[in-house]
Amino acid sequence: MERHVLTVANRQVESGHRVWVASAGGRLVDKLSRRICHLEMPVDRKNIFTGLRCASKLAGLIRGENIQIIHAHSRVPAWIAYFARKRAPGAHFVFTAHALFSKNLGLWPIAQADGVLCVS
């Protein structure tokens, strides 16, 4: 999944788009194009309060930078993106499914996305 995000983000910025990546950091951050803005936050934590703080920060960024698309790549970031979009309603929310998930309440925000992409 991380390599997919890296590839997509770098290609988008090469195509002239303004790109932000929010992640918990890691070894691939240095491989992001220098034109990509990286926002380090604990998007990997399965804690509702941490997630809501991340969503609030992300919503402020979305409004401040006029971000049009929020693209999440796993379940916890999908919850964060869902709540951020609630606070910044002009943005579209897209999710990429990198695995087959069993049906449960944890997937609820994915069903609320404007679009879902599947990696084969």
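What is the volume of the largest pocket? It is about 1300 Å³. Before I go on, this is a predicted model, in which local features need pLDDT of at least 70 and side-chain atom pairs count only at pLDDT 80 or more, while totals for chains, interfaces and linings use all residues. Residues are numbered from 1 along each chain as its sequence is written, and side-chain values use heavy atoms, with hydrogens and water left out.

I'll stay with the pockets for now. Rolling a probe the size of a water molecule over the atoms shows where empty space is left. Here the search runs on a 1 Å grid over the protein atoms alone, and a pocket is an open set of points where a 1.4 Å probe fits, with protein on both sides within 12 Å along at least five of seven lines. Lining residues have an atom within 4 Å of a point. For the volume, grid points are joined across faces, edges and corners, and what is counted is the space filled by probe spheres set on the points.

The lining of the largest pocket takes in 43 residues, and those nearest its centre are Val5, Trp20, Val21, Ala22 and His71. At least two lining residues come from each of α1, β1, β2 (37-40), α2, β3 (69-72) and α3. Those names refer to DSSP runs numbered from the N terminus: helices are H or I runs of at least four residues, strands are E runs of at least two. The top contributor is α1, with six residues. By type, the lining has 28 nonpolar, eleven polar and four charged residues. In that count Ala, Val, Leu, Ile, Met, Phe, Trp, Tyr, Cys and Pro are nonpolar, Asp, Glu, Lys and Arg are charged, and the others, Gly among them, are polar.

The second largest pocket holds about 220 Å³ of space. Among the residues that line it are Arg45, Lys46, Asn47, Arg75, Trp79 and Phe83. Both α2 and α3 supply at least two residues of this lining, and α3 has the largest share, five residues.

Next, the histidines. Where is histidine 38 found? It sits in strand β2. Histidine 38 is partly exposed, at a relative accessible area of 26%; buried means under 20%, exposed over 50%, and partly exposed in between, with a 1.4 Å probe and protein chains only. Its side chain makes a polar contact with the side chain of serine 23 at 2.6 Å. A polar contact is a pair of N or O atoms within 3.5 Å; within protein, one must be able to donate a hydrogen and the other to accept it, and residues adjacent in sequence count only if both atoms are side-chain atoms. Not counting residues up to four places away in sequence, histidine 38 touches Val21, Ser23, Gly25, Val29 and Leu32, where contact means heavy atoms within 4.5 Å.

Histidine 73 is in the loop between β3 and α3 and is buried, with a relative accessible area of 11%. Its side chain has polar contacts with two other histidine side chains: histidine 71 at 3.5 Å and histidine 98 at 2.9 Å. Leaving aside neighbours within four places in sequence, the contacts of histidine 73 include Met1, His4, Val5 and Phe95.

Last, the charged pairs. How many salt bridges does a search of the whole structure find? There are two, a salt bridge being a side-chain nitrogen of Lys or Arg within 4 Å of a carboxyl oxygen of Asp or Glu.

One joins arginine 18 and glutamate 65, at 3.0 Å from N to O. Arginine 18 is in the loop between α1 (2-14) and β1 (20-23), and glutamate 65 is in helix α2 (residues 48-65), 47 residues apart. Arginine 18 is exposed, at 54% relative accessible area, while glutamate 65 is partly exposed, at 33%.

The other joins aspartate 114 and arginine 85, with the closest N and O atoms 2.7 Å apart. Aspartate 114 lies in the loop between α4 (108-111) and β5 (115-118) and arginine 85 in helix α3 (residues 75-87), so this pair ties together parts that are 29 residues apart in sequence. Arginine 85 is buried, with a relative accessible area of 15%.
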